[in-house]
Amino acid sequence: MTHASSPSSSSRVRRLAGVLALVALVGFAINALVAADRPAAPAPAAGPIRVLFLGDDGHHKPADRFAELAPALKSRGIELTYTDKLDDLNPDTLAKYDGVAIYANTVNIKPEQEQALVDYVRSGKGLIPIHCASYCFHNSSKYIAMVGGQFKSHKTGTFNTTIVNPQHPIMEGFKGFETWDETYVHAKLNPDNELLQTRAEGDRAEPWTWVRNEGKGRVFYTAYGHDQRTFTNPGFVDLIDRGIRWAVRRDAGASFERPKFVGPDPSAKPFEYVTADGIPFYDPSGQGPRAGGGKWNKMQTPLAPAESVKHLRMPEGFEARLFVAEPQVVKPITMNWDERGRLWVVESIDYPNRITDAGKGSDRIKVCEDTDGDGLADKFTVFAEGLNIPTTLTFANGGVIVMERKSTWFLKDTDGDGKADVKKELFTGWYRGLDTHAGPSNLQYGFDNWIYGMLGYAGFAGEVGGKRFSFSQGFYRFKPDGSQLEFLRSTNNNTWGIGFRSDGVLFGSTANGNPSTYLPISNRYYEGVRGWAPRVLEPIADTYKFQSHLGKIRQVDWHDGYTAAAGHALYTARAFPKGYWDRVAFVTEPTGHLVGAFVLDAVGSHFKSRNAFNLLASDDEWCAPIMAEVGPDGSLWVIDWYNYIVQHNPTPVGFKTGAGAAYETPRRDKEHGRIYRIVYTSSDVITKPVDARIDLSKASPAQLVEALKNDNLFWRRHAQRLLVERNNKDVVPALVELTKDTMRDEIGVSAGPIHALWTLQGLGALDEATAAAALKHPATGVRRNALLTMPRTEAGLAALLESKITDDADPQVRLAALLTIADMPASPSLEDRTATAILGVLGKPQNQSDKWIPDAAVAAGAKHDAAFLRTALVASKGRAAPPTAPEPAPAVAAPATPVDVVVNGSAEAGDAEKPEKWRPVSY
C-alpha cells in the first residue's frame, strides 16, 4: 500500500496557518488540507540518540552540568555532544544530530543561525530547551515563540511540581521529584503549549514543563535545572530522558520497559512427529506472497493441554491457566461474557469448508461456568445449535446477537431453561462473497450504545432501516434492534480486529501486514462534503514483522509477519502492571503461535504503535491463538484454536480450493481447542473464583450506577447497557451527580463520568447543562466524551463555543470538538462565533501539522460554510497575499441524505493480495 504525498497540497497547508485569507472557501480548505497524505516527520534512525548540547560561559556553568548529565544519559542510549559555539548552528552541523538541547544565557543570535535552528526543528527534529534556555536569544521572537515562553523572574526554594497531564507519553509512569531550584516565572507564553507540569506560585499554578509542535518538529521545555542539585537528581535525569525521546520521536518504548521472559518449561517432553500426507509446503525463502512448492510430510503430533502449556513463553510474572479444553469445548472460534461473568463460546466444526442450509449446521453456542471457583469450567449449557459458521456474538435486550452466514440474528431464552427459543433476523446481507473467513467479526458494545464490529472483504450488500448499503473491509456499527446501520471507515485488508480504549478511542487490525490501525474520523464527516472522500486507513505499527518463539513458521504468505492478525484488545482493566493500562493492545497471530503486545503512543490526534513484545508465544506447532480479550476478572483470555493447519487461503501448490474459498486438506483439525486465562501472578485476581465476583443480572439500579465506576471496562459497558435497556429515568439524578466526579486513577482516567454521560444520552436524558459542565472536567477523556454526547442543538453549540474547548490542550479533545461542530445544526445567531472558532483552530501550527485535526476543521467549516467564508474574508484583510493563488474550488454543500447509501470500500482482495511495497508508517 502506498500513499503518495502531494508537495503542492502540503505547502498550502503550511501557508494556511499564517494567511487565513487562503481559507476563503471551504472547498479550497478541502483541496489544501485533504488532497493527499500530508508528509510526516522523518522516521528516526536506529541506534543511539544523538543530541547537540549548546552551552555558554555563563553563571549556570553549562560545561559542568553537561559533565553531570551526559554519562547518565549515555547509559540510557542518548549521546550528548557539547558545544558553546553558536556557529555550530548551521545546517551541516545540525544534520548530524537528532535534536538540540540548549542550556545557555546567550543574549543574541545571528539571523543565519536563527534560520538554521528554526528550519532544523520545523523539518522534524527535536528542540530541548532547559531552564535558562528560556532567557536565551532576546533578539529572536521566533526562538522565544518556538521555546514556548520566556523567563521573567525567580526566587529559590525546595519544591515538587504537579503533573497535570499524566496520560502524555512523557508523564506516563513518571512520579515527579523534589529538588532545590530557582522558582521560574515566565512571560510570553505560547498558547500552543501543552502543559505537563505546573509549580505552585502563590495561589496560582505557574507553567513549568511543557511540550509543543513546531512545524513537523517537537519542543520539550522544563524550567528545572539551576545547578548540580537538580542535574544529579535521578528524577531530573529521568525527565530529561523522557523529554529528549519524545522530542526526537524515539519515545515509543521510553516509558515501557521490555519485560523479561520465562519459559518454556524445561520439563516439557520432546515433540513427536508422524509421516502424514496432505500437509502443505510453506517456503519462506520463495519470492512473492504465494511462494510454495515441494513436499512436507512430517507433522508434529498434538499435545494434551497440560503438556502444551509447558511450551508457552511469557513475560516474567505472568502465567497461563487453563479454563476449558476439549472434549468440553471443541474448535472455539469466538467468545464473550455475559453480565453474570459467564463465558459464552461459539464452537465451529463447519469452518471453513462446510456451508449448509439454515438450521442444518454442526455449530453451536455453549455457556461455560466455573461453579466451584477452582478456575476450571465445570458446567456447560448448549444455548443454541444447528448453526453454520457463526463468527461473533454479543449481548443485548436480554438475549444474544449472533452473526451467522448472511444474517444478523437475535437469540433469546424466554422460558429460563438456558436454551434459545427465539430466533429473530435483525437484518441480512453479509457475505456478498462466499469466503467464510472474510465476513463480520468481533462485535463490541460501543460507548454510544451501538454495536460495533469489523468486516472482511466478503462484504455486505443489503437494506437496513429503509436504506441500501454496499461495503466491505472495515469498521461498522448498528443499533442493537437492527434498525440502523453505518459503515464507519475502510481498512486496507481482510479485517478481524477491533478494540476500544477507556475513553472510547477506537483501534483495529487487519490481515496481511497491518496488525494495528486507528479510526480517527468516520466516513460520514467526509461524505457530508460534496466531492470529498475518506482515505483507506493505513497502518500505525512500526513493522508488520513478528517476533516468533518457533523456528519453523508455516505460512502461505507474509512470511515471518502478521498475515492472520486478529483482535486489537487494549488492556482496559487494572489487574496487570500499570504500564499496560490503556497503553498495550493485544493482537493474535495464529501462524506465529503468539499473542503480540503493541505499545500505543499518541502523535497529536494520531497514534503510532510498536510491536514491543509477545505476551504469549509457543513452540508447539499446533498452538494457534485466534482471539485475546480482557475478561471479567481483568486477566487476558485467549482462545487457542489448536490446529496444525491454520491459514484459510491462498491455496498452496498441489491443493485445491474448496467451499468457503478455503483450500481443502484432511489435516484440518475438528477435535481440539483450549481457552486460557493469562493472569498476572502478583494480582489478587488469581485468588478469586472466576465467575463469582460480580453478577449484574441481579444488581439494583443503584448498583448498576456504581458499576459504571468499576476499574474494568468490561463491567462498565455491561452496566451502561443494562441501564439503557432498562429505560427508566429514576437513575438520572445519580447519573448527573456521577458526571461531576473528578476522581482519576493513576493514569488520569475518570471512567464513571464517561459512562454516566453515555447512559444519560442513551436514556434520552442528557441536557446541555450537564454536558457543558463536563466540558470543564480535569480528565481529558471526560471532556472528549462530553463533546461527543453534547445534544446536537443550538444550546449545545452555544455551550461548546462558550467553553472555548477548541483550544483544549489535548489533541483528542480538539478533534472531538471540531467533529461535534460538524454535527451541529446551523444557527444564525452563532454562525460568526462558530466560524471564528474553526478558523482559530486552523490558524495554529500545532493543529496545522496534525494528521487529522485539519480534516475535522474542514468538515466543521463545510457545515457552517456561509459564515466560515464571511469570517475568513474579514480576517484576511490586510494580510499578505500568498505566493501562488489557490486553484478554484467547487461549490461546497452537504448533499441531501439519499435513500440508497453506497459506500465504496477498498478493493476486494483475497488474503494473498499484498501491497505494492511495505513501508513502516513514519511520523
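A crossing is called left-handed if the near helix is turned anticlockwise from the far one by less than a right angle, and right-handed if clockwise. This is a predicted model, in which local features need pLDDT of at least 70 and side-chain atom pairs count only at pLDDT 80 or more, while totals for chains, interfaces and linings use all residues. Residues are numbered from 1 along each chain as its sequence is written, and side-chain values use heavy atoms, with hydrogens and water left out.

1. Let me start with helix H19 (residues 831–842) and helix H21 (residues 853–863), whose axes come within 10 Å and cross at roughly 160 degrees. H19 is therefore roughly antiparallel to H21, a label for angles over 145 degrees. The crossing of the two, H19 and H21, is left-handed. Axes here are lines fitted to C-alpha atoms, for helices over the stretch in contact, with angles from 0 to 180 degrees between N-to-C directions. Helices are DSSP runs of H or I with at least four residues, strands are runs of E with at least two, and both are numbered from the N terminus.

2. Which residues in H19 and H21 meet? From H19 come Ile-838, Val-841 and Leu-842, and from H21 Ile-853, Ala-857, Ala-860 and Gly-861; contact means heavy atoms within 4.5 Å. By class, this contact of H19 with H21 has six nonpolar residues, one polar and no charged ones. Ala, Val, Leu, Ile, Met, Phe, Trp, Tyr, Cys and Pro count as nonpolar, Asp, Glu, Lys and Arg as charged, and the others, Gly among them, as polar.

3. Helix H16 (residues 780–789) is mostly covered, with nine of its 10 residues buried. Buried means under 20% relative accessible area, exposed over 50%, and partly exposed in between (1.4 Å probe, protein chains only). Among the buried residues of H16 are Arg-783, Arg-784 and Asn-785. Their cover includes helices H14 (751–762), H15 (768–774), H17 (794–803) and H18 (811–823).

4. Finally, a look at Ser-700, in the loop between strand S39 (674–680) and helix H11 (701–707). Ser-700 is partly exposed, at a relative accessible area of 29%. The C-alpha atoms of Ser-700 and Leu-723 are separated by 9.9 Å, with the two residues 23 apart along the chain.

Methods: Parallel < 35°, antiparallel > 145°, perpendicular 65-115°, else oblique.
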